[in-house]
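Here's a quick briefing to read with the model open beside you. Take a look at the structure, then work through the notes below.

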Amino acid sequence: MNVTGARRWWALGAISLAVLAITLDVTVLTVALPTLAGTLKASESQLQWFVSAYTLALVAAMLPAGLLGDRYGRKAVMVGALLLFAAGSAGCALAPNAEVFIAARVALGLAGAAIIVLALSILTVLFDEAERPRAVGIWGAANFVGLPLGPIIGGWMLTNVWWGWIFLINVPVALLGLIAVVALVPESRSAKRPSIDFMGVLLSSGGLVALMYGVVQAGANGWGSASAILPAAAGLLALVAFGLWERHLSAQPGG
């Protein structure tokens, strides 16, 4: 598939809109927690996990998502991620209790990680070297603009519409991105099909999750608490081990 002219920018616009929705979801709950506490009868711990589950899944899945795209095809993995993002968004809006809501937030985080990572990879296929900086700039803007907009948009929606629309609005955005990817994005993968480095994935994802969990716990209990120090230290050790492991693999013949 040879995508030329304005169609590349239409595809970029649709994908960037999905990326914007993902970053919005990082902060949009900050104003919705009181409403969710009453509606879902959530405890204080569950409210914390409403936010943390999404962030942890988002962080943990980025490296594995890129690897899966390189191995099995970036377009194929992106299509699956957009479908999962739409389903997770609907699951959040329609969740009957806090447990289902947390599970849906995990699904959103996993899908969001794949979309963010693969969107950047797809840009290198759609755009040549001359146009690529502009395309990456649009992708980057979508990543960062959503963070401050989350509380603003969330507050406006809570005031004017049902709280579930905070998440349901993601569904048409994800479907628009899905149509653009299916119709306009060519399939691509790494020229050399990479093997799955299970140890590397475990150390990198586990380390990032543990480190992020420690940061989350520090926000709730302070940096002096064991619940913050222990997971953060374990995460840092895992990331150091990941670096040493990758160095070891690189030193092997053919590494």
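Start with T39, which counts as partly exposed at a relative accessible area of 41% (buried is under 20%, exposed is over 50%, and partly exposed is in between, using a 1.4 Å probe and protein chains only). This is a predicted model, where local features need pLDDT of at least 70, side-chain atom pairs count only at pLDDT 80 or more, and totals for chains, interfaces and linings use all residues. Residues are numbered from 1 along each chain as its sequence is written, and side-chain values use heavy atoms, with hydrogens and water left out.

**Around helix 2**
- T39 lies in helix 2 (helices are DSSP runs of H or I with at least four residues, numbered from the N terminus).
- Between the C-alpha atoms of T39 and Q217 there are 25 Å, with 178 residues separating the two along the chain.
- K41 sits in the loop between helix 2 (33–39) and helix 3.
- K41 isn't a glycine, yet its phi is positive, at about 55 degrees.
- For background, most residues other than glycine have a negative phi.
- K41 is also exposed, with 69% relative accessible area.

**The largest nonpolar core**
- This core has 58 residues, and L36, F50, M78, F85, F101, I115 and F167 make the most contacts inside it (a nonpolar core is a set of buried Ala, Val, Leu, Ile, Met, Phe, Trp, Tyr and Cys residues joined through side-chain atoms within 4.5 Å).
- Two or more core residues come from each of helix 1, helix 3, helix 4 (74–94), helix 5, helix 6, helix 7 (165–168) and helix 8.
- Helix 5 is the top contributor, giving 14 residues to the core.

**Helix 3 against helix 5**
- The axes of helix 3 (residues 44–72) and helix 5 (residues 98–126) come within 6 Å and cross at roughly 35 degrees (axes are lines fitted to C-alpha atoms, for helices over the stretch in contact, and angles run from 0 to 180 degrees between N-to-C directions).
- The crossing of helix 3 and helix 5 is right-handed, meaning that the near helix is turned clockwise from the far one by less than a right angle.
- Their contact is made up of 21 nonpolar, 5 polar and 2 charged residues (Ala, Val, Leu, Ile, Met, Phe, Trp, Tyr, Cys and Pro count as nonpolar, Asp, Glu, Lys and Arg as charged, and the others, Gly among them, as polar).

**The second largest pocket**
- About 200 Å³ of space lies in this pocket (a volume is the space filled by probe spheres set on the grid points, which are joined across faces, edges and corners).
- Its lining has 13 residues, with A21, L24, I153, I169 and N170 nearest the centre (on a 1 Å grid over the protein atoms alone, where a 1.4 Å probe fits, a pocket is an open set with protein on both sides within 12 Å along at least five of seven lines, and lining residues have an atom within 4 Å of a point).
- Helix 1 (6–27), helix 6 (132–160) and helix 8 (170–184) each supply at least two lining residues, and helix 1 gives the most, with 5.
- By type, the lining holds 11 nonpolar, 1 polar and 1 charged residue.

**Other partly exposed positions**
- L176, in helix 8, is partly exposed at 41%, and its C-alpha is 9.5 Å from that of A11, 165 residues apart along the chain.
- L84, in helix 4, is partly exposed at 34%, and its C-alpha is 7.1 Å from that of L108, 24 residues apart along the chain.
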